[in-house]
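This report concerns contacts between side chains, namely charged pairs and aromatic pairs. Please consult the sequence and structure shown here while reading.

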Amino acid sequence: VERLDKITTQLISYGRPRELKLEARDVRRNLNQVLRLATSKCLAQRIKIVRRFDRRLPKVTCDHDLMDQVFTNLVTNAVEAMPKGGVLTIETRFDADEIRNQAIVVISDTGHGIPPKVQAQLFKPFFTTKRNGTGLGLAISHRIIDHHQGSLTCTSKTRGLRRGTTFTIRLPIKPSNKS
């Protein structure tokens with residue numbers, strides 16, 4: 001029943017996204033809150049959390065509840081990819097030039113990685129490799145970032161010393177939000 005409730009809620013969220021409640025705020029605050037919630041699971045699985053936050057990053061105008069949903073989904077997936085330990089790295093950067101100003105959030109793990117065939121399907125609704133997954137978490141996250149006029153991409157390696165997965169979120173920063 002709980003699983004059906006979760007699937008129904010995610011289906012509604014995917015099928016009928018709510019109107020964005022935009023507010024300028026420091027996304028590092030959202031990330032720290034999500035990491036606080038994940039800390040006990042990370043400790044239990046011997047996962048080291050590394051934060052690399054760019055202090056120059058201005059406030060980002062976004063729906064912070066929805067950003068929490070995206071960050072929680074990506075952090076949860078990263079933790080699940082490292083059942084025997086590893087490193088979870090959360091990084092923020094400010095990319096500014098004469099054409100664009102962007103907030104960049106990078107969530108990386110040293111887990112088992114995602115094969116290329118699976119990577120091609122990641123953001124499609126109902127695609128999952130998890131036994132109890134719904135296949136909606138990444139699809140919803142991708143849609144949320146799209147609604148914020150940003151992008152969500154994935155790179156992953158399944159072999160070698162640098163195996164693991166990296167999700168990169170790019171969100172526009174409007175010129176008036178440089179505070």
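## Salt bridges

A salt bridge is a side-chain nitrogen of Lys or Arg within 4 Å of a carboxyl oxygen of Asp or Glu. The model discussed here is predicted. By this criterion, Glu91 forms a salt bridge with Arg93, and their closest N and O atoms lie 3.0 Å apart. Arg93 is partly exposed, at 32% relative accessibility. The structure holds four salt bridges in total.

Another of these joins Asp26 to Arg28, with 2.6 Å between the closest N and O atoms. Arg28 has a relative accessible area of 13% and is therefore buried, since the limit for that class is under 20%.

## A link between strands S4 and S7

Asp95 and Arg170 also meet through their side chains in a salt bridge, at 3.8 Å from N to O. Because Asp95 belongs to strand S4 (residues 86-96) and Arg170 to strand S7 (residues 164-172), the pair ties together parts that are 75 residues apart in sequence. Arg170 is partly exposed, its relative accessible area being 29%.

## The aromatic pair

The structure holds one aromatic pair. Phe123 and Phe167 form this pair in an edge-to-face arrangement, 6.4 Å from centre to centre and with 75° between the planes. Phe123 lies in the loop between helix H4 (116-119) and helix H5 (137-147), whereas Phe167 lies in strand S7, so the pair ties together parts that are 44 residues apart in sequence.

With a relative accessible area of 22%, Phe123 is partly exposed. Phe167 is buried, at 6%.

Key
Residues are numbered from 1 along each chain as its sequence is written. This is a predicted model: local features need pLDDT of at least 70, side-chain atom pairs count only at pLDDT 80 or more; totals for chains, interfaces and linings use all residues. Side-chain values use heavy atoms; hydrogens and water are left out. Buried means under 20% relative accessible area, exposed over 50%, partly exposed in between (1.4 Å probe, protein chains only). Helices (H or I, at least four residues) and strands (E, at least two) are DSSP runs, numbered from the N terminus. Rings of Phe, Tyr and Trp (its six-membered ring) pair if their centres lie within 6.5 Å; planes under 30 degrees apart count as stacked, over 60 as edge-to-face and the rest as tilted.
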